[in-house]
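Colleague: I'm new to this one. Can you walk me through it?

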Amino acid sequence: MDFLNRHVWLKRALMLLAILVATPFAGYLLLFVEVAGLEVAFSCLIILLKPFITWAQFQIDMIRATFKAISNNFHKHLASRPTVYFSHAAGSAAFFAITGVMFVSVAVWLPLFMVGAQYA
């Protein structure tokens, strides 16, 4: 902050730039600049931004709380334990192997083709 106190022109230029960026949304800031000065207009801009900042912080906190709840619930779930995961993966692989296309084709169609080739 000492740098901005030594270079007052830079501080005023930054304040003016902030006011010019906010002017399309709050045109009366230019009236404040004309009547009361740049510092008063910048102070009004900061006061106007406070409700938006509060709302944004609340939304960010809600998103963080949601992700924390999801993470906690995932870590408490049975699927996150290695033994449950391994047995589930092994069972799924076995069911896929039994009901998959390769098993059906080898178990049903291959013997039929072999018997049919023998009589052909």
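Colleague: Where is the place of Thr99?
Modeller: Thr99 sits in helix H5, residues 82–99. Helices here are DSSP runs of H or I with at least four residues, strands are E runs of at least two, and numbering starts at the N terminus. This is a predicted model: local features need pLDDT of at least 70, side-chain atom pairs count only at pLDDT 80 or more, and totals for chains, interfaces and linings use all residues. Residues are numbered from 1 along each chain as its sequence is written, and side-chain values use heavy atoms, with hydrogens and water left out.

Colleague: Is Thr99 buried or exposed?
Modeller: Thr99 is exposed, at 62% relative accessible area. Buried means under 20%, exposed over 50%, and partly exposed in between, with a 1.4 Å probe and protein chains only.

Colleague: Switching topic. How many salt bridges does the structure hold?
Modeller: One. The side chains of Glu39 and Arg12 form it, at 3.3 Å from N to O. A salt bridge is a side-chain nitrogen of Lys or Arg within 4 Å of a carboxyl oxygen of Asp or Glu.

Colleague: Which helices does that pair link?
Modeller: Glu39 is in helix H4, residues 38–76, and Arg12 is in helix H2, residues 8–22. They are 27 residues apart, so the pair links distant parts of the chain.

Colleague: How do H2 and H4 pack?
Modeller: The angle is about 50 degrees, and the axes are 10 Å apart. Axes are lines fitted to C-alpha atoms, for helices over the stretch in contact, and angles run from 0 to 180 degrees between N-to-C directions. That makes H2 oblique to H4. Under 35 degrees counts as roughly parallel, over 145 as roughly antiparallel, 65 to 115 as roughly perpendicular, and the rest as oblique.

Colleague: Which residues meet there?
Modeller: From H2, they include Arg12, Met15 and Leu16. From H4, they include Leu38, Glu39 and Phe42.

Colleague: And what about H3 and H4?
Modeller: H3 covers residues 28–35 and packs on H4 at about 150 degrees, with the axes 7 Å apart. That makes H3 roughly antiparallel to H4. Tyr28, Leu29, Phe32 and Val33 make the contact from H3. Leu38, Ala41, Cys44, Leu45 and Leu48 make it from H4. Contact means heavy atoms within 4.5 Å.

Colleague: What else is Leu29 in contact with, leaving aside neighbours within four places in sequence?
Modeller: Its contacts include Ile19 and Ala22.

Colleague: Which residues make up the largest nonpolar core?
Modeller: Eight: Met15, Ile19, Ala22, Ala26, Leu29, Leu38, Ala41 and Leu45. H2 and H4 are the elements that give two or more residues to this core. A nonpolar core is a set of buried Ala, Val, Leu, Ile, Met, Phe, Trp, Tyr and Cys residues joined through side-chain atoms within 4.5 Å.

Colleague: Last one. Where is Gly37?
Modeller: Gly37 is in the loop between H3 and H4. Gly37 counts as buried, at 18% relative accessibility.
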